[in-house]
Amino acid sequence: VYQLLKNLVLELNSAPAEQNISTSLLMYEILIKTSGEAIRSRNESTVDNYINKTKKFINLNFDKKLTLKDISSYSNINEDYLNRIFKKNTGISVNEYLTEVRIDKAKMLLRNTDIPVIDISEMVGINSRQYFNQVFKKVAGISPNKFRKSFKVELF
């Protein structure tokens, strides 16, 4: 929508004879995009909206140092309330979801690359190798190195 508005302003600055059709088309496109978003958000409950917004933020920023405060600030609600509705609707806390996303990304990197484990831990937002190994083992049931080795054995 931002790009469309920018194009509309540029179009309005052009010669008047060229404005009519292209200006109208840009206005229609803006209306279609904004009305589609309005319909989608109306069909989604407020709680679902907060949860989806939280998941999206985590999926886009899992590689950074994130706190519940950062996540709740993005979703624009209280930390405790966010954690409560998130757990009620997903069965896990916001931090558990963040950990699952990080470990899933780490598994993908361990399966498909030869990047050292210490680098993978940093790439998924965990700066301590020891803590990464501990969390990975808790979630996956085996250490990152054993996970990588077992996968390579399965390939052959």
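Helices (H or I, at least four residues) and strands (E, at least two) are taken as DSSP runs and numbered from the N terminus. The model is predicted, so local features are reported only at pLDDT of at least 70 and side-chain atom pairs only at pLDDT 80 or more, while totals for chains, interfaces and linings use all residues. Residues are numbered from 1 along each chain as its sequence is written, and side-chain values use heavy atoms, with hydrogens and water left out.

The protein contains 9 helices and 0 strands, and its pattern along the sequence reads α-α-α-α-α-α-α-α-α. Accessible areas were computed by the Shrake-Rupley method with a 1.4 Å probe, and for residues only the protein chains shown count as cover. The accessible surface of the protein is about 10,600 Å², and 53% of this surface belongs to carbon and sulfur atoms. Residues are classed by relative accessible area as buried (under 20%), exposed (over 50%) or partly exposed (in between), with a 1.4 Å probe and protein chains only. Of the 156 residues in the protein, 30% are buried. Contact denotes heavy atoms within 4.5 Å. Of the contacts between residues at least 6 apart in sequence, 49% join residues at least 24 apart.

In soluble globular proteins, nonpolar side chains tend to be buried together. A nonpolar core is defined here as a set of buried Ala, Val, Leu, Ile, Met, Phe, Trp, Tyr and Cys residues joined through side-chain atoms within 4.5 Å. The largest such core comprises 28 residues, and I58, I71, V94, F132 and F136 have the most contacts inside it. At least two residues of this core are supplied by each of α3 (46–61), α4 (68–75), α5 (79–90), α6 (94–112), α7 (117–123) and α8 (129–140). Helix α6 provides the largest share, 8 residues. With residues up to four places away in sequence not counted, F136 touches I103, A106, K107, L110, G141, I142, S143, P144 and F147.

Aromatic pairs were assigned to rings of Phe, Tyr and Trp (its six-membered ring) with centres within 6.5 Å; planes under 30 degrees apart count as stacked, over 60 as edge-to-face and the rest as tilted. The structure holds 4 such pairs. The F57 and Y74 rings form a stacked pair, because their centres are 4.4 Å apart and their planes lie at 20 degrees. This pair links distant parts of the chain, with F57 in helix α3 and Y74 in helix α4, 17 residues apart. F57 is buried, at 14% relative accessibility, whereas Y74 is partly exposed, at 36%. The F132 and F136 rings form a tilted pair, since their centres are 5.8 Å apart and their planes lie at 45 degrees. F132 and F136 are 4 residues apart in helix α8 and are therefore separated by about one helical turn. Both F132 and F136 are buried. Ring pairs also join F132, F136 and F147 into a cluster.

The loop between α5 and α6 contains I92 and S93. I92 is buried, at 18% relative accessibility, and S93 is buried as well, at 12%. With neighbours within four places in sequence left aside, I92 contacts F86, K87, Y97 and E100.

Most residues other than glycine have a negative phi, and most peptide bonds are trans. N76, which is not a glycine, has a positive phi of about 65 degrees. N76 lies in the loop between α4 and α5 and is exposed, with a relative accessible area of 64%.

A salt bridge requires a side-chain nitrogen of Lys or Arg within 4 Å of a carboxyl oxygen of Asp or Glu. A search of the whole structure returns 1 salt bridge. This salt bridge is between the side chains of D63 and K64, at 4.0 Å from N to O. D63 is partly exposed, at 37% relative accessibility, and K64 is partly exposed, at 42%.

Patches consist of residues with over 30% relative accessible area and no salt bridge, with like charges joined within 9 Å and nonpolar side chains (Val, Leu, Ile, Met, Phe, Trp, Tyr) within 5 Å. I21, L25, Y28, L31 and I32 make a nonpolar surface patch of about 600 Å². Among them, I32 lies in helix α2 (residues 16–43) and is exposed, with a relative accessible area of 59%.
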